[in-house]
Amino acid sequence: MKDRYQKTIYACFIGYVVQAVVNNFVPLLFITFEDTYQIPLRQITMLITINFLIQLLVDLLSAGFVDKVGYRASIIAAHFCCAAGLAGLAILPDVLPSAFAGLLAAVTLYAIGGGLIEVLISPIMESCPTDNKEKAMSLLHSFYCWGHVGVVLLSTLFFKLCKIESWKLLTIIWVAIPLLNALLFLKAPIASVTADGEPGMSMASLFKERVFWVLLLMMMCAGASEQSVSQWASTFAEKGLGVSKTLGDLAGPMAFAVLMGSARAFYGKYGERIDLDRFMLGSGLLCVLSYLCVSLSPSPVLSLIGCGVCGLSVGIMWPGTFSKASALLKNGGTAMFALLALAGDLGCSGGPTLVGFISSAASDDLKAGILAAIVFPLLLILGILAVKRRPRP
């Protein structure tokens, strides 16, 4: 039985690589967009905001149509949207009257796909027969990080060899990943996402559960704690610390992704020996310290180290919250995963947006923006403590 679903597990892993491409490739080009298309920082901030707000809207709507359309059709459509959006980045800015409108249209397309992937991949993986669901979920989410590492490393190497002006060619190359994974999902078996095939909980039922509200807060803060640093790491390293783009990308977002993936892979391997609540609580405290290091340290080197430590600290937050939700609400179903993804994407949008606006108000000082975002890991710690006291059913 397990061997039968191996293709499904591989497709889920690659699905999160696709998610990593659509979320983390464009931030490497922020300064290029600013210089090439004369787009100001405030509008570039909107690209992040729109990406995650569209994903948020898809998260909300998907709870009503995924069960009707089916998981297979939905996940394949998600991959095609991601491919179309990535291709649009290279084409639409030069076709539409406004370059910013072209970028926005492309971001909207791949955000639809990214939102669907976020809703669908976790329950599809959860439905596969595995020995330890928490370990499997953490390992699954580590592939988002390895995808992030691949995006930064390969993009940096490409820009070094072919120059940043060739970014459109690289964008088209990335299109191959979602197209190929769509073909893999076409043949992969997909099991029922609820226990014994029973209907999942409705939104109304979920909202009556107090613990679900805490889980929503945790997901929002997990997304915000992660993306507040991740989305601005490259720009922060270049402008705030005065290092080159190559060093900034490698020492900023790639170091962040490597350490975040390492935390998830570590729990994926040794999870049965580690208490999830304690691991998440310790990670939350480390996250607060990393934010203080990034924003208050006078040393550029220590600030970059803080970016990396932040990646290590947030690694378990997103998959850990999914695992807690699956354990506490056994038949949460599509609605539960969709609403949790919605909350996470709300944080992914709100965190970087807060950093961008606070930074703009402080004369483009990204350290001030990141310091303001420390509220998210602090709230996350409170959520972990609240859920920790609730026993499993």
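Helix H13 runs for 21 residues and covers 30 Å from its first C-alpha to its last, close to the 30 Å expected at 1.5 Å a residue. Keep in mind that this is a predicted model. The chain's mean pLDDT is 84, with 91% of its residues at 70 or more.

**Around H13**
- At the start of H13, Asp 275 has a side-chain oxygen that comes to within 3.2 Å of the backbone nitrogen of Asp 277.
- Asp 277 is itself one of the buried residues of H13.
- Other buried positions in H13 include Leu 276, Met 280, Leu 281, Cys 287, Val 288, Tyr 291 and Val 294.

**The nonpolar patch**
- Six leucines make up a nonpolar surface patch: Leu 286, Leu 289, Leu 292, Leu 296, Leu 312 and Leu 371.
- H13, spanning residues 276-296, is the top contributor to the patch, with four residues.
- Leu 292 sits in H13, and its relative accessible area is 33%, so it counts as partly exposed.

**Over at H7**
- Thr 171 belongs to helix H7, residues 167-174.
- Thr 171 is classed as buried because its relative accessibility is 0%.
- Thr 171 and Ser 297 are 126 residues apart along the chain, and their C-alpha atoms are separated by 35 Å.

- Of the chain's elements, helix H8 (residues 176-187) has the highest mean pLDDT, at 94.
- Helix H11 (residues 233-240) has the lowest, with a mean of 66.

Key:
Residues are numbered from 1 along each chain as its sequence is written. This is a predicted model: local features need pLDDT of at least 70, side-chain atom pairs count only at pLDDT 80 or more; totals for chains, interfaces and linings use all residues. Side-chain values use heavy atoms; hydrogens and water are left out. Patches are made of residues with over 30% relative accessible area and no salt bridge: like charges are joined within 9 Å, nonpolar side chains (Val, Leu, Ile, Met, Phe, Trp, Tyr) within 5 Å. Accessible areas come from the Shrake-Rupley method with a 1.4 Å probe; for residues, only the protein chains shown count as cover. A salt bridge is a side-chain nitrogen of Lys or Arg within 4 Å of a carboxyl oxygen of Asp or Glu. Helices (H or I, at least four residues) and strands (E, at least two) are DSSP runs, numbered from the N terminus. Buried means under 20% relative accessible area, exposed over 50%, partly exposed in between (1.4 Å probe, protein chains only). The expected span of a helix is 1.5 Å times one less than its number of residues. A polar contact is a pair of N or O atoms within 3.5 Å; within protein, one must be able to donate a hydrogen and the other to accept it, and residues adjacent in sequence count only if both atoms are side-chain atoms. pLDDT is the predictor's confidence in each residue, from 0 to 100.
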